[in-house]
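Subject: Structure handover

Hi,

Here is the structure I promised to pass on to you.

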Amino acid sequence: MIFADSHAHIDFPDFNQDLAKVMERAWESGVGYVNVIGTDITKTKQLLSLCEQFPNVYCSAGIHPHNAGRFPDITVGEILAAASHTKVRAIGETGLDFFYDKSPKEVQIEVFRRQIQAAHAAGLPLVIHSRDAEEVTRQVMEEEQAQACGGVIHCFTGSEEFAQWGVDQGFYISFSGIVTFRTAQALRDVAKTLPLDRLLIETDAPYLAPVPHRGKRNEPGFVVQVAETLAQVRDISLEEVAQATTENYRRLFGVEGFPHEEAQEKETPEILAYPIGRALYLNVTRGCTLKCTFCPKWSHPQVHDYDLTLKRNPDAQALIQAMGDPGRYEEIVFCGFGEPTLRLEVMLAVAREVKRRGDIRVRLNTDGLANRVYGRDVTPRFKGLIDAVSVSLNAQDEATYDCHCKPAFGGAWQGMLDFIRAAKKHVPEVTATAIDGLEGVDMEACRRLAEDELGVGFRARHLNRVG
């Protein structure tokens, strides 16, 4: 049996003296995976150092609602920068805590929204904290379309209605040591009703140690007691709970099985570079700031014969290796499954390497929301590295744009126009594109907007034609 502690804070000072022994006890107890959960965005590097020390330890990057007051002006870009490492498998923990109110409610809500927006952009699931705030949590998640990100409502202690709503939204429900407490019969009743394929287990260590360890410092090895209680409540074997919750964990966080597991199937290598004609396209990220109604990648991420599905974001070295000799192509294009500028540092590092190898044209296909995401003008950094930028204009006005592109946050239309104006100062060739065939899109008005008002080129694309 292999167990997964989906939520622990082993980076806290409580473990400073004996973390190695704590983790050794966890492995001996059958705990194969531990997620170290971020509560302070500035300490993500500390979490990543733990991930490097121990096998099968992953982390999240986020701001706990208690800490929201310290980051009232956090930008989506700053969150993305912290979440760029391949070991970061989620955004959070984020959410609302109206029990302690350690941060102003309005600030908690705004910081919560930005982390959901970052999860959209990064293509990562969310770790949700909700205490005495079910109604507002639901409202914010629905308004920000959190169901498109997926994730987990952690340390669940809420109502059965909230749990069922979470499941209906596609979220997992995670139970901690609280479910073992004598006074938690109502919570056990909730745990009994939920689908097994939507359950996770956690410790929230160093807090909430389960019976029989209650009152002691909690640690990842104690997650087994949580699993035992769920097995008793649901009248199934411990093996079934272990198998289901660990598979749920792997599925949600994109984690592979152990090499020695006989049932593990070999995965098809992910496609990071793919040639079309005389150009080589680079698949930089699985995240996107738009949920365009016409984009096939959400249901069928296929371009020609290439399946561009990514389980995690590649680093610069992986992309450079997949690229091979860029001199074989007329141009290198940042495109792929998601929005390349969400991996700005990775993208620029690869572009820098391409230019180091020769006078090779580099093109960026983008939604033009980088400045909106990062809260500043990033286009000066393109100078000398990016030769051409193709921006998805997609409409002649904001209402039509929002209807078809479904941006993850407000101000996207104006942000995209401002990006085009900024980019043409630093990039030799800037083109705005729109798709012919979308309802309500006036292609001639799009052309006039691009050429006459923005002063850039225009290109018409065709609906349902990819690549």
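A charge sits over a ring if NZ of Lys or CZ of Arg is within 6 Å of the ring centre and within 35 degrees of the ring normal. With that in mind, K102 lies over the face of Y100, at 5.4 Å from the ring centre. R131 is placed over the face of F99, and here the distance to the ring centre is 3.8 Å. Before you go further, please keep in mind that this is a predicted model.

Now for the rings themselves. The structure holds eleven aromatic pairs. One of them is formed by Y33 and Y249, a tilted pair with 5.3 Å centre to centre and 35° between the planes. This pair links distant parts of the chain, since Y33 belongs to strand β2 and Y249 to helix α9 (residues 238-253), 216 residues apart. Are these two tyrosines, Y33 and Y249, buried or exposed? Both Y33 and Y249 are buried.

Another pair brings together F382 and F419, this time edge-to-face, at 6.3 Å centre to centre and with 65° between the planes. It counts as edge-to-face because the angle of 65° is over the 60 degrees required. This pair also links distant parts of the chain: F382 sits in the loop between α12 (370-374) and β15 (388-392), F419 sits in helix α14 (residues 412-423), and 37 residues separate them. F382 is buried, with a relative accessible area of 0%, and F419 is buried with a relative accessible area of 0% too.

If you like ring clusters, have a look at F156, F162, W165 and F175, which are joined into one by ring pairs.

Helix α1 (residues 19-28) is my other stop. Which of its residues are buried? They are L19, V22, M23 and A26. Viewed down the axis of α1, the buried residues fall within an arc of 95°, so they line one face of the helix. On the other side of α1, the residues A20, K21 and E28 are exposed. The cover over the buried residues of α1 includes β2 (31-36), α2 (44-53) and β3 (57-61). After α1 comes G30, which has a positive phi, near 100°.

Happy viewing, and do write back with any questions!

Best wishes

How values were computed
Residues are numbered from 1 along each chain as its sequence is written. This is a predicted model: local features need pLDDT of at least 70, side-chain atom pairs count only at pLDDT 80 or more; totals for chains, interfaces and linings use all residues. Side-chain values use heavy atoms; hydrogens and water are left out. Buried means under 20% relative accessible area, exposed over 50%, partly exposed in between (1.4 Å probe, protein chains only). Helices (H or I, at least four residues) and strands (E, at least two) are DSSP runs, numbered from the N terminus. The arc is that of the directions from the helix axis to the C-beta atoms. Contact means heavy atoms within 4.5 Å. Rings of Phe, Tyr and Trp (its six-membered ring) pair if their centres lie within 6.5 Å; planes under 30 degrees apart count as stacked, over 60 as edge-to-face and the rest as tilted.
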